[in-house]
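Here's a quick tour of the overall build of a chain, from its domains down to its cores. Have the model open while you read.

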Amino acid sequence: MDEAVRLSAQHLGQTATNPSVGCIIVRDDGDGPVIVGRAVTALGGRPHAETQALKMAGEKARGATAYVTLEPCSHHGRTPPCTEALIASGIGRVVISVLDPDERVSGRGAALLREAGIKVTLGTRSQQSERALEAYLMRQRSKRPHVTLKLAISADGMIGRKGEGQVRITGAEAREAVHHLRARIDAILVGIGTAIADDPELTSRLPGLEERSPVRIVLDRRLDLPLSSKLARTARDVRVIAVADSEIARATVDDAFDARRTALEALGVEVLDCNSAKLADLLMALATRGVSSLLVEGGARTAVAFLDAGLVDRILLFRGPGRIGETGIASPFDTRSIPSGFRLVETRGFGADICDTYERDI
Ligand code: AOF
Ligand code: ZN
């Protein structure tokens, strides 16, 4: 199962809206266990892991054991159910790490296998698989994406400089780590302040990873995103969603709102109308659009809004060695102590920088 979990990580963030599942098929003919099939859910989500691993194993699947990180599907979706393929292959035993909360499956996959006389074991390495499947499981169970908040903080506790665009707080290694993270995540979100001050591209700029850029989301109540911004100009290449609040435009008699909306839409920007005070509603809307994992990248107000709403599952706190001084924008929380409600799970070094990972303390 460890090998299946490891395999599943290979396509993390590239199988949306399907989860990236790992499957290993092992048989033992007396000389010790041999892996005869292995697969991860294909890019784009299909074919599923099991059908590919079974194809690889061929006749060797008969009487063998399949290890899967997620319960095999039992529904006729865009592909025939994996349970049918497993039963037809003559597999002897199926070890399942986590049951699939998808209401079309949720226990039926395991039950069908048992009814067919296959031995089924549940719960093996479930902690590891739950982690690998965390985004998918969050969207299925809580109808919202899994949210990671990323912040970079200077040695004197600042996250930027007032009135300035991007301030380099971390070095090249940390930035590369963030680009890797962007490539594994479904969507990335910034506030309009950051979008205007930094004019970021929010893509994953690493060799070979350009194809895997996440959906880019801007919290932009009044639709102030400049038409000349990098985000607006590249909206046709990589999806951009501007989260507007037409109620505010109406309340403030903002006559140009509709014109800005039309102009942004003409560039390919999708406008999502959502009450900006209700982040939970926004997350639900993103989940229904297939977003399972969201990276919140800035700035301070956006970070505080997500933290205050209790909608952050993981915090990545990059700490740089430089100082910004009095012109700095202070971090939304005391950076020497652990944010309340979170626990420190990992500390890693990236060149001269340090990244502390906090997870919600359940
Ligand atoms: C599996 N093995 O590798 C994956 C599964 O749209 P469909 O037909 O592809 O079905 C999507 C559902 O399939 C998804 O919600 C989840 O329940 C399951 N994903 N199942 O047996 C796999 N990726
Ligand atoms: Zn399946």
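This is a predicted model: local features need pLDDT of at least 70, side-chain atom pairs count only at pLDDT 80 or more; totals for chains, interfaces and linings use all residues.

## Domains and cores

Where they meet, eight residues of domain 1 are in contact with ten residues of domain 2. On the domain 1 side of that meeting, you'll find four nonpolar residues, three polar and one charged.

Now for the inside. Nonpolar side chains tend to be buried together in soluble globular proteins.

| Core | Size | Residues |
|---|---|---|
| Largest nonpolar core | 56 residues | A187, V218, L225, A242 and V243, those with the most contacts inside it |

What does V243 touch once its neighbours within four places in sequence are left aside? V243 is in contact with I217, V218, L219 and D220, and also with L272, C274 and L282.

Zooming back out, the chain has 13 helices and 16 strands. Its radius of gyration is 23 Å, close to the 21 Å that the globule rule gives for 362 residues, so the chain is as compact as a globular protein of that length. The C-alpha trace spans about 70 × 45 × 35 Å along its principal axes. Buried residues account for 45% of the 362. And of the contacts between residues at least 6 apart in sequence, 73% join residues at least 24 apart.

Technical notes. Residues are numbered from 1 along each chain as its sequence is written. Chains are lettered from A and ligands numbered from 1 in the order in which they are written. Two residues are in contact if their C-beta atoms, placed from the backbone, lie within 7 Å. Ala, Val, Leu, Ile, Met, Phe, Trp, Tyr, Cys and Pro count as nonpolar, Asp, Glu, Lys and Arg as charged, and the others, Gly among them, as polar. A nonpolar core is a set of buried Ala, Val, Leu, Ile, Met, Phe, Trp, Tyr and Cys residues joined through C-beta atoms within 7 Å. A residue is buried if 20 or more other C-beta atoms lie within 10 Å of its own, exposed if 12 or fewer, and partly exposed in between; C-beta atoms are placed from the backbone. Helices (H or I, at least four residues) and strands (E, at least two) are DSSP runs, numbered from the N terminus. The radius of gyration is taken over C-alpha atoms; the globule rule is 2.2 Å times the number of residues to the power 0.38.
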